[in-house]
Structures are given as structure tokens and as C-alpha cells.
Amino acid sequence: VCFPVQFWDLMDLARPGYMELWQCIGMIVGVYGVGYWIAARDPQRHWPLVLVGLLGKVLGPIGFLRAAMSGALPWSFGWVNVGNDVIWWVPFAWILWRAWRARGKTKPRERLSG
């Protein structure tokens with residue numbers, strides 16, 4: 001958010017003319033961080049936040065593949081997805097699986113209340 005051109009320079013890509021959009025994306029990622037912090041306190045209770053996170057972690061690489069296959073982004077850009085997205089698939093899926101199992105073990109009345 002504070003240094004929007006650094007990423008493009010590091011990746012040896014032409015700087016886009018819409019840095020405000022890149023900064024907005026950075027802000028959104030920061031907001032996700034707040035959601036992850038809340039979910040980390042009780043991941044099974046806050047499983048919907050984990051689900052939103054997992055969806056983002058899966059859809060991001062799909063979007064990258066589409067862009068790389070069309071030539072809009074270089075394949076080297078994919079390393080961003082490995083460090084930011086792919087490494088989280090297993091932990092997020094594991095949390096969701098445990099939350100799903102825990103919900104099945106509660107009494108029906110408990111499920112309704114929380």
C-alpha cells in the first residue's frame with residue numbers, strides 16, 4: 001500500500017498507470033488479515049472467515065493461470081501465488097474439515113445457537 005511500485009520493479013514488469021488500484025488491493029489484503037486474526041482466536045467457531053480465505057486462496061491462482069495463459073502476465077508472476085496462496089490450501093482446508101466434524105458432534109439445539 002505504501003510502496004506500490006516496488007512489486008512491479010521487483011518482478012521486472014512495466015509499472016501500470018493505475019497504482020491506486022494496486023494500493024486498494026493491498027488494503028483489501030490488509031482487511032483479510034484482520035479477519036484471519038479474528039478467526040485464529042477460534043478457527044472452528046469462525047469457520048466462515050476461513051472459508052472466505054480459502055476461496056480467495058483458490059480463486060487467485062485460477063485467475064493467475066488465466067492471465068498467464070493469455071499472455072497478460074508472465075509465468076514468473078506465479079511465484080507470488082505459491083507464497084501467498086497455495087501454501088494455505090492445506091491449513092485452511094484442515095480447519096474447515098475440523099469445524100465441519102465438530103458441528104456434526106453438537107446437539108441440534110447447540111447448532112442453532114452458535
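Which helices each supply at least two residues of the nonpolar patch? I looked this up and found three names: α3 (47–70), α4 (78–84) and α5 (89–104).

**Ground rules**

I am working on a predicted model, so I noted its limits: local features need pLDDT of at least 70, side-chain atom pairs count only at pLDDT 80 or more, and totals for chains, interfaces and linings use all residues. I number residues from 1 along each chain as its sequence is written, and side-chain values use heavy atoms, with hydrogens and water left out. My helix names follow DSSP runs, numbered from the N terminus; helices are H or I with at least four residues, and strands are E with at least two.

**Entry 1: the nonpolar patch**

I looked up the patch itself. Helix α3 gives the most, with five residues.

I wrote down the rule for membership.

I then checked two members. Leu-55 lies in helix α3. Leu-55 counts as partly exposed because its relative accessibility is 46%. (Buried means under 20% relative accessible area, exposed over 50%, and partly exposed in between, with a 1.4 Å probe and protein chains only.) Trp-89 sits in helix α5. Trp-89 has 34% relative accessibility, so it counts as partly exposed too.

What does Trp-89 contact, leaving aside its neighbours within four places in sequence? I found Leu-54, Lys-57, Val-58 and Pro-61. (Contact means heavy atoms within 4.5 Å.) I also took one distance: the C-alpha atoms of Trp-89 and Lys-57 are separated by 6.9 Å, although the two residues are 32 apart along the chain.

Lys-57 lies in helix α3. Is Lys-57 buried or exposed? Lys-57 is buried, because its relative accessible area is 13%. Not counting residues up to four places away in sequence, Lys-57 touches Tyr-36, Asn-84, Asp-85, Trp-88, Trp-89 and Phe-92.

Next I looked at Asp-85. Asp-85 lies in the loop between α4 and α5. Asp-85 counts as buried because its relative accessibility is 11%. With residues up to four places away in sequence left out, Asp-85 touches Gly-56, Lys-57, Pro-61 and Val-80.

The side chains of Lys-57 and Asp-85 meet in a salt bridge (3.8 Å, N to O). (A salt bridge is a side-chain nitrogen of Lys or Arg within 4 Å of a carboxyl oxygen of Asp or Glu.)

**Entry 2: the other salt bridge**

How many salt bridges does a search of the whole structure find? I got two. Besides the pair above, the side chains of Arg-15 and Asp-9 meet at 2.5 Å, N to O. Asp-9 is partly exposed, because its relative accessible area is 40%.

Val-5 touches Arg-15 and Met-19, not counting residues up to four places away in sequence. Val-5 is in helix α1. At 27% relative accessibility, Val-5 counts as partly exposed. Its C-alpha is 9.7 Å from that of Gln-23, which is 18 residues away along the chain.

**Entry 3: the loop between α1 and α2**

I stopped at Ala-14, in the loop between α1 and α2. Ala-14 is exposed because its relative accessible area is 68%. I compared Ala-14 with Gly-104: they are 90 residues apart in sequence and 51 Å apart in space, C-alpha to C-alpha.
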